[in-house]
2 protein chains.
Amino acid sequence: MRRSRFFLPTLRETPKEAEIVSHRLMLRAGMVRQASAGIYSWLPLGFRVLKKIEQIVREEENRAGAQEVLMPTIQSADLWRELGRYDAYGPEMLRIKDRHERDMLYGPTNEELITHIFANSVKSYRDLPQLLYHIQWKFRDEVRPRFGVMRGREFLMKDAYSFDLDFESARRSYYKFFVAYLRTFARMGLKAIPMEAESGPIGGNLSHEFIILADTGESDVFCDREFLEADVLAKDVDYGDDVAVAGVVERFTSLYARTDEKHDGAAFAAEVPEDRRYEGRGIEVGHIFYFGTKYSAPLGAKVALPEGGESEVHMGSYGVGVSRLAGAIIEASHDEAGIVWPDAVAPFDVALINLKASDAACTAACDEAYAKLQAAGLDPLYEDSDERAGAKFAEMDLIGLPWQLVIGPRGLQNGVVELKRRATGAREEVSLDSALARLTDG
Amino acid sequence: MRRSRFFLPTLRETPKEAEIVSHRLMLRAGMVRQASAGIYSWLPLGFRVLKKIEQIVREEENRAGAQEVLMPTIQSADLWRELGRYDAYGPEMLRIKDRHERDMLYGPTNEELITHIFANSVKSYRDLPQLLYHIQWKFRDEVRPRFGVMRGREFLMKDAYSFDLDFESARRSYYKFFVAYLRTFARMGLKAIPMEAESGPIGGNLSHEFIILADTGESDVFCDREFLEADVLAKDVDYGDDVAVAGVVERFTSLYARTDEKHDGAAFAAEVPEDRRYEGRGIEVGHIFYFGTKYSAPLGAKVALPEGGESEVHMGSYGVGVSRLAGAIIEASHDEAGIVWPDAVAPFDVALINLKASDAACTAACDEAYAKLQAAGLDPLYEDSDERAGAKFAEMDLIGLPWQLVIGPRGLQNGVVELKRRATGAREEVSLDSALARLTDG
């Protein structure tokens, strides 16, 4: 994509309304624009990041054996009345009357609907387990939306639901998602730590929040420093091997990691040596929990058993904040100059910067490099405009692509281009072919 | 994907509520389930088709030079009040009050919002033209939703908007979308005919509906039979070549093609020889039109001109009914036994049918074929269950994958498998390797 054609309305000034760095940078980098309070439009740069995050989530759900569906945003209140949740849910639920004065709502979550779909479709223990997920927009009418896409009203979530014959089997499904979440966040360049969370009345200790460490996080977190040093989150796992999956989960749950909600100072002191105690702040990006037959019993989600009779299925739910992650990644990865995208979620692979567009030889060399980058399967943003070099560098630092390939008349005389790694600022002068080889190595 | 693991709740009976064939087949094939009136959940089979349709639309928009954004589903009424559309829009608009009693709405369309984004982002003629699109759920509160996803309340649309300096340039953008639509529908295996549509008060003849011929269509259509015989809809075009693009448009607009709204019997008789006059019914799957400065003038979408001063931009809008297409394709492509998917939108490439799962040799051969199909880059649905053969054939015909690869003990003794083309019913007995070669040829 040529910068001169790309719809990228970056801002020089920092918008006043933005309280946290990700919100400021997303506005300045032209990723999003507020449509109304807590509701955003995603412009091309932001949309690319959102799609990359979504695709990583999708691939890891599929790898764990989940199947994708898509439930609607608008649901009937009748469905929610069956379990009394229409009245019980707070003012965060957006309630709507349609033209026939029927009560509808913008789904804040989907337990009822997915349980209905399951109950009408699956009748036998032989068709279990079922892991179903969808990636859909939700609405939560926050009193005071803020922090940009981190706490917006309309937001994109992945919600998965598991259906199993009994607790033991439900735990195996839970473990699969636990591992899938480790992989999902690690692939995005994040260190997301699974922390014990409130498990509600069902118990069973099967409830974890996945938390990214960031100073601007909404929760105080306490954990063993081993989590910070461990670099095995993205470990490859055979999901068909229950023992291996359980082993990963046991390893990660054996270390202390809790948010303030569940924190126990005495246990922290007893279980974690002083020099390994980490206290900080974190952002929740995922939550998994087992809730047994809470929905399946009242909604009649039962399967026939091999020995005759029927049994209500055991369920769990597994959420990832897809649009929130765009902000969370920036909170975890930025510097004074702007965003520093991890490779896997970067909107483009590399910024190709033409230092002097008015110089025919320089532009010819850039055009050639652009064609070669594309031919190599890379997705470059080609800064081909006649802006001055300083403005180009500032903007490309702001939008944070992993690499910058800088071509100017002076370097060309010596047969070199400059390759800069955005994260470290490290620069080297190399031949164009060496630069291409470096970039295609990954 | 193994059938035994695939969430595919097909139905034996035809659901009573379904009035048209696509609705019946989508329910029977387990593609969708109604969540409430006119609102559907997409199950894995339907979701796969929806994603393929969406991806073809996306690729052709990108090829034409449009850039993808994503606007929210919920909009502020204030935005719509600026042009008086909040009050003028009928009861199809889903009106909502949020917790602060602010008027909101579920977007039935996006002219105001995209014009605002443009007006706040683009200031100079140098940044024109801009072609922006998004693929998002919309809501239209139909009095009597019916025909399944063909006339639902919540539906997925692609909406594009063009921003140009003047009429001449706007027409070039219009022509690009005209050609992009020809390509988009042709890639889905559809013959979508561009028909003159009402152009509203702006005039200029730049308004076309793209109509698929189908007996269950909502409109009467009248056109030259040359459209039916022409097989050049997917012609490759260089969008940078304005003359070539205009040439394609002129060729398709020189032939008579109108829906009943614009039909003129005398002109039809005068322009089209009797033996080439086609009358039938059609389904609208796309609509493109130019509307000048209708939104840009009141919303202040202006650019600075090279000679000084400012000018309001000329706009057009371009819609494709993405979820509707899933139904429309079935209306255009089915038989007594079920759906007949065109290759490009099929949920899987091929059904691999194990005729006797209890036979170890047969299952071993099927497992091997399954692995080979996947290794060849194909996406097979492997019917590995112990159902009887007749039920397997019926279900695979119902869900309509383009090919069926049937492996049974008798054929294996002779070293052959059966390859069936769903559309024609043609079968041949060939070696497994020959079948694979045929399938990978496309």
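Mentor: Exposed means over 50% relative accessible area, and buried means under 20%. Keep both cut-offs in mind. This model is predicted.

Trainee: Is A:Glu101 buried or exposed?

Mentor: First place the residue: A:Glu101 sits in the loop between strand E5 (94–97) and strand E6 (103–106) of chain A. Its relative accessibility is 55%. The cut-off is over 50%, so A:Glu101 counts as exposed.

Trainee: What is the phi of A:Glu101?

Mentor: Most residues other than glycine have a negative phi. A:Glu101 is not a glycine, yet its phi is positive. The value is about 65°.

Trainee: Is B:Phe147 buried or exposed?

Mentor: B:Phe147 also has a positive phi, about 65°, without being a glycine. Its place is the loop between E7 and strand E8 (154–164) of chain B. At 18% relative accessibility, under the 20% cut-off, B:Phe147 is therefore buried.

Trainee: Which residue joins A:Pro129 through a cis peptide bond?

Mentor: Most peptide bonds are trans. A:Pro129 lies in the loop between helix H5 (111–121) and strand E7 (130–139) of chain A. The cis bond there has an omega of about -5°. The partner is A:Leu128.

Trainee: What is omega for the peptide bond from B:Leu128 to B:Pro129?

Mentor: Look in the loop between helix H5 (111–121) and strand E7 (130–139) of chain B, where B:Pro129 lies. The bond from B:Leu128 is cis. Its omega is near -10°.

Trainee: How many residues of H5(B) are buried?

Mentor: H5(B) has 11 residues and is mostly covered. Among its buried residues are B:Glu111, B:Leu113, B:Ile117 and B:Phe118.

Trainee: In what order do the 3 strands of the open sheet in chain B lie?

Mentor: The pairing is antiparallel. Strand E4 (74–76) and strand E5 (94–97) are the edges, and each pairs on one side only. The twist averages 35° from one strand to the next. The order is E4-E6-E5.

Trainee: Which residue stands opposite B:Ile96?

Mentor: Follow the pairing: E5(B) runs antiparallel to strand E6 (residues 103–106) of chain B, with 4 bridges between them. The facing residue is in E6(B). It is B:Met104.

Trainee: Which side chain makes a polar contact with the side chain of B:Lys420?

Mentor: B:Lys420 belongs to strand E22 (residues 417–421) of chain B. Its relative accessible area is 8%, so B:Lys420 is buried. Beyond four places in sequence, B:Lys420 touches residues including B:Pro402, B:Trp403 and B:Arg427. The polar contact, at 2.9 Å, is with B:Asp397.

Trainee: Which residues touch the most other members of the largest nonpolar core?

Mentor: That core holds 192 residues. Take B:Met31: leaving aside neighbours within four places in sequence, B:Met31 is in contact with residues including B:Trp42, B:Leu45, B:Ile330 and B:Trp341. The residues you want are A:Met31, A:Trp42, B:Met31 and B:Trp42.

Trainee: How many residues are in the second, separate core?

Mentor: Find some members first. A:Ala77, A:Phe118, A:Phe163 and A:Val313 are among them. The core has 28 residues.

Technical notes
Residues are numbered from 1 along each chain as its sequence is written. Chains are lettered from A and ligands numbered from 1 in the order in which they are written. This is a predicted model: local features need pLDDT of at least 70, side-chain atom pairs count only at pLDDT 80 or more; totals for chains, interfaces and linings use all residues. Side-chain values use heavy atoms; hydrogens and water are left out. Helices (H or I, at least four residues) and strands (E, at least two) are DSSP runs, numbered from the N terminus. Buried means under 20% relative accessible area, exposed over 50%, partly exposed in between (1.4 Å probe, protein chains only). A polar contact is a pair of N or O atoms within 3.5 Å; within protein, one must be able to donate a hydrogen and the other to accept it, and residues adjacent in sequence count only if both atoms are side-chain atoms. Contact means heavy atoms within 4.5 Å. A nonpolar core is a set of buried Ala, Val, Leu, Ile, Met, Phe, Trp, Tyr and Cys residues joined through side-chain atoms within 4.5 Å. Two strands pair if DSSP finds at least two bridges between them. Axes are lines fitted to C-alpha atoms, for helices over the stretch in contact, and angles run from 0 to 180 degrees between N-to-C directions.
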